[in-house]
Amino acid sequence: MTAPLQRTVPIRPGLDLEVREAGTSGSPVLVLHGGPGPSSITPLIDHLAPDHRGVAPTHPGWAGTVRPEDLDCVPALAAAYLDLLGNLSLTDVTVIGTSFGGWVATQSVLEDREGRISRLVLMDAIGPVIPGQQITVPPEPPAPAAGGPAPQGRPSAQSMAALRVFAGPAMGDAGMLPRLSTVTCPVLVLWGADDTVVTPDFGRAYAAAFSHTRFELIPGAGHLPIREQPDAVFAHLDSFLAPPSPGHQPLNPALWFPVRGRDSVRTRSTSPSRCVSLPW
């Protein structure tokens, strides 16, 4: 397997995206990181590379990148990633988002007018306001000495500043939840069973708002299951991404996961989204 390629992709005047690409064959996968930054999804990129074309942009404002002044909310960031897919001529794309990246991933699907996205995977994601559910933001760590790196799994001060701009003060988009039933592609929602930032009940309600979705708990994992229980995450993800077996018809999204259960949600819910907020 070749090492991931890092390159700069110009999206429009004043906006260049730093993008990691790994793998050259198979269906494309857009991977959107959370607050801890691009390094937090490296295991996922490495896992996808043998069978997929992985594309992982760095959110502007993270890892030393520049955030343009007008890139100041989640819908604007989602629009930039849809432009990235167009720039790379990618279709039939699976979008995977972790935590804050899950909010951006969901917004990208909602705004995908060209039908480039065919599947959505959310991991301990934020985004909608869930009645009766709160997001618990972990306390910020002390500033590292002499400008050193943030502790592993924690956003840096620069990342937190960018996050506050994109997320705003509300920690969620009050208009997003009723819009999720309009998503027609299959959705897989993975959630750490021990997540205290966004609890499994938040995740179940998030998943239940989509029309064609599956919810899976990851035992022994908190808010970063890709680091804490990667094998369990990869097992669910590989099953979801696997092409249909020879001689079998592809799943009809209208019939996908029609039964509802405690840890495998399958469901429904309907309106517009705004620039609002998040933790990581």
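Reply: Arg214 has a relative accessibility of 28%, so Arg214 counts as partly exposed. The cut-offs are under 20% relative accessible area for buried, over 50% for exposed, and partly exposed in between, with a 1.4 Å probe and protein chains only. This is a predicted model, in which local features need pLDDT of at least 70 and side-chain atom pairs count only at pLDDT 80 or more, while totals for chains, interfaces and linings use all residues. Residues are numbered from 1 along each chain as its sequence is written, and side-chain values use heavy atoms, with hydrogens and water left out.

Me: Which residue does the side chain of Arg214 meet in a salt bridge?

Reply: Side chains of opposite charge can pair when their charged atoms come close. A salt bridge here is a side-chain nitrogen of Lys or Arg within 4 Å of a carboxyl oxygen of Asp or Glu. The partner of Arg214 is Glu216, at 2.4 Å from N to O. Glu216 counts as buried at 11% relative accessibility.

Me: How many salt bridges does a search of the whole structure find?

Reply: The search finds 8. One of them joins Arg53 and Glu21 at 2.8 Å, N to O. Arg53 is in strand β4 (residues 53–57) and Glu21 in strand β2 (residues 15–22), so this pair ties together parts 32 residues apart in sequence. Helices (H or I, at least four residues) and strands (E, at least two) are DSSP runs, numbered from the N terminus. Arg53 is partly exposed, at 22% relative accessible area, whereas Glu21 is buried, at 8%.

Me: What about the pair of Arg179 and Glu111: how far apart in sequence are the parts it ties together?

Reply: These two side chains form a salt bridge of 3.2 Å, N to O. Arg179 is in the loop between α4 (157–167) and β7 (187–192), and Glu111 in the loop between α3 (100–110) and β6 (117–123), so the parts tied together are 68 residues apart. Arg179 is buried at 11% relative accessibility; Glu111 is partly exposed at 26%.

Me: Is His59 buried or exposed?

Reply: His59 is buried, with 0% relative accessibility. His59 lies in the loop between β4 and α2 (74–87). Its side chain makes a polar contact of 2.7 Å with the side chain of Tyr81. A polar contact is a pair of N or O atoms within 3.5 Å; within protein, one must be able to donate a hydrogen and the other to accept it, and residues adjacent in sequence count only if both atoms are side-chain atoms. Contact in general means heavy atoms within 4.5 Å. Beyond neighbours within four places in sequence, the contacts of His59 include Leu32, His33, Thr65 and Phe100.

Me: How many residues of helix α5 are buried?

Reply: An α-helix has 3.6 residues a turn, so residues three or four places apart point the same way. Helix α5 (residues 200–208) is mostly covered, with 7 of its 9 residues buried. Among them are Phe202, Tyr206 and Ala207. The cover over the buried residues of α5 includes α3, β6, β7 and β8 (213–218).

Me: Which way do strands β1 and β2 run?

Reply: Two strands pair if DSSP finds at least two bridges between them. Strand β1 (residues 5–12) and β2 run antiparallel and are joined by 7 bridges. Thr8 stands opposite Glu18 in β2.

Me: What is the mean pLDDT of the protein chain?

Reply: pLDDT is the predictor's confidence in each residue, from 0 to 100. The chain has a mean of 85, and 79% of its residues reach 70 or more. Over residues 144–151 the pLDDT is below 50.
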